[in-house]
Amino acid sequence: MAAATRIVDYDTIIIGAGMSGLACASRLLQHAHYKQKGRLLVLEARDRIGGRIGSVNVNGNRLDTGANWIHGVGTPEKRNPLMDILPHKKYRELGGRVAFRHPGSEREKAAIASEQDVPEDSEWVRIEAEPSTQKHDTPLHEASGDLVIPGEVAGTLTGSLWGLIGSLHELAEMTPAAEAKRTTMLQAITRSRALQDTFDSIPEEYHRTVSCTPQFIENMEAAPLTAQSAEHPQGQAGMSLLEFALDDFEGDQVFLQDGYTAIVDEVAKELMSAGVIQTGKEVKQIRWDTDPVEVETTSGTCTANQVICSLPLGVLQHHQRQVPTATPLFSPSLPSEKQAAIENLGFGTLDKIFLVYSTPWWTEKPYLSILKKGIATPPPDSNSDPTDDTQSLNTALDSFSGFTAELPGLAINRNGTTTPDLSSLSLINLHALTGHPVLSCF
């Protein structure tokens with residue numbers, strides 16, 4: 001009796017058309033084997049590709065809801081491959097920045113939760129913000145003017161922040177991996193000589209601002225300073241010094257003026273032409289003990305010799321925590337060590353708020369004159385008319401930084417202690433970068 005014929009639809013199926021799935025598929029498609037029809041398939045549950053890289057349109061303004069930056073364009077010896085993907089796209093390093101100083105503690109209050117609410121062995125500092133109830137009659141532009149840090153001081157503060165980040169990278173490289181893994185970023189910062197040097201170089205009236213400035217690292221890394229790395233139990237994800245030892249790209253931090261979706265489109269261009277991406281196909285189950293592997297989707301079942309899963313960690317955790325009666329994503333279940341890795345890994349959250357205006361009011365008076373005195377860095381290679389205040393300001397001003405009492409924050413004092421304080425906020429002037437009258441807050 002003849003043996004049953006194995007029916008294999010594809011050689012390789014990739015689940016997920018986010019950046020990792022697309023990069024994997026793009027690399028495979030470079031080989032002649034996968035250029036043949038029916039060898040490669042990418043399944044995506046959404047009706048679009050790109051995963052966390054996406055954009056929306058509000059009042060004619062394109063807003064990138066996901067990634068915005070290339071963190072390090074690289075050097076001639078080690079170039080960031082993203083720069084080769086989009087040589088024809090527009091990008092720019094951030095220029096001028098206006099910083100608002102810490103307003104002090106008279107109008108803003110913060111309190112640490114009572115000790116009994118925090119376990120003795122906890123490495124967390126729980127902070128709760130108490131919004132001010134005091135009303136102010138001072139006009140907004142006058143109050144803001146009092147808080148703008150002079151450009152020279154703001155430039156020193158900005159340079160010191162990047163110096164601190166550089167020193168943390170150096171410390172991470174010199175620290176044994178096991179020790180770096182146990183060291184929270186907060187502990188590393190309090191030990192840093194770079195932070196002390198910042199206090200020495202900044203006038204005392206701005207020391208409260210200096211104390212809260214390291215919060216920028218939280219915004220940049222989407223992880224709290226007060227806990228260790230993502231290998232902590234769920235709900236206590238943080239960032240350890242070890243993560244700063246990761247091999248990174250040097251060079252400028254640049255903003256993509258055409259949006260990050262331009263990278264997605266570039267990576268997926270050949271894949272789309274080859275017809276190997278199918279959207280709107282949610283995977284319900286992967287039966288990986290069969291030969292070939294069976295992938296059940298909302299529109300049918302297909303088979304492959306191998307399956308590459310690029311689903312986000314949050315999706316994997318969701319499926320792993322489903323009630324026993326629910327259909328499991330993997331059948332049989334994944335090996336125990338993989339389940340443990342999925343369960344114990346954490347990830348940060350970076351919220352972005354877009355403030356969309358009809359006109360860029362910050363380029364108009366009286367705000368124009370207030371902001372001009374606080375620009376930390378002049379516009380590089382600016383060809384604008386120096387007598388045109390609006391044009392020169394908008395060319396120079398790429399970002400704002402300040403504080404709010406509506407969110408809990410943390411201050412790292414000169415003596416190494418930490419106290420609850422205001423939360424720092426960063427805003428990007430998208431009008432200078434994209435031409436849209438929008439401020440992006442994160």
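The protein chain in this model exposes about 23,600 Å², and carbon and sulfur atoms supply 51% of that area. Please keep in mind as you read that the model is predicted. The chain has 442 residues, of which 43% are buried, and its secondary structure comprises 16 helices and 19 strands. Here is a friendly tour, arranged by topic.

**Overall fold**

- Among contacts in the protein chain with a separation of 6 or more, 73% are between residues 24 or more positions apart.
- I353 gives one example of such a pairing: I353 and S440 are 87 residues apart in sequence, yet their C-alpha atoms are 5.8 Å apart in space.

**Two strand residues and their neighbors**

- I353 lies in strand β16, which covers residues 353-356.
- Leaving aside residues up to four places away in sequence, I353 touches L439, S440 and C441.
- I353 has a relative accessible area of 48%, so it counts as partly exposed.
- E93 belongs to strand β6, which spans residues 91-93.
- With residues up to four places away in sequence not counted, E93 touches D252, Q253, V254 and D398.
- The C-alpha atoms of E93 and I70 are separated by 9.6 Å, and the two residues are 23 residues apart along the chain.
- E93 is partly exposed because its relative accessible area is 40%.

**Backbone features to look at**

- Most residues other than glycine have a negative phi, and most peptide bonds are trans.
- N59 has a positive phi of about 50°, although this residue is not a glycine.
- You will find N59 in the loop between β3 (55-58) and β4 (61-64).
- N59 counts as exposed because its relative accessible area is 70%.
- S331 and P332 are joined by a cis peptide bond, with omega about 0°.
- P332 is found in the loop that runs between β15 (330-331) and α13 (336-344).
- Another cis peptide bond leads from K365 to P366, where omega is near 10°.
- P366 is placed in the loop between β16 and α14 (367-372).

**Salt bridges**

- Side chains of opposite charge can pair when their charged atoms come close.
- The structure holds 12 salt bridges, and a few of them are picked out below.
- R62 pairs with D64 in a salt bridge whose closest N and O atoms are 3.6 Å apart.
- D84 forms a salt bridge with R79, and the closest N and O atoms are 2.8 Å apart.
- R79 is partly exposed because its relative accessible area is 43%.
- D200 and R193 also form a salt bridge, with their closest N and O atoms 3.2 Å apart.
- D200 has a relative accessible area of 46%, so it is partly exposed, while R193 is exposed because its value is 52%.
- Which residues are linked with R193 and D200 in a network of salt bridges? D197 and R414 join R193 and D200 in that network.

Notes
Residues are numbered from 1 along each chain as its sequence is written. This is a predicted model: local features need pLDDT of at least 70, side-chain atom pairs count only at pLDDT 80 or more; totals for chains, interfaces and linings use all residues. Side-chain values use heavy atoms; hydrogens and water are left out. Helices (H or I, at least four residues) and strands (E, at least two) are DSSP runs, numbered from the N terminus. Buried means under 20% relative accessible area, exposed over 50%, partly exposed in between (1.4 Å probe, protein chains only). Contact means heavy atoms within 4.5 Å. Accessible areas come from the Shrake-Rupley method with a 1.4 Å probe; for residues, only the protein chains shown count as cover. A salt bridge is a side-chain nitrogen of Lys or Arg within 4 Å of a carboxyl oxygen of Asp or Glu.
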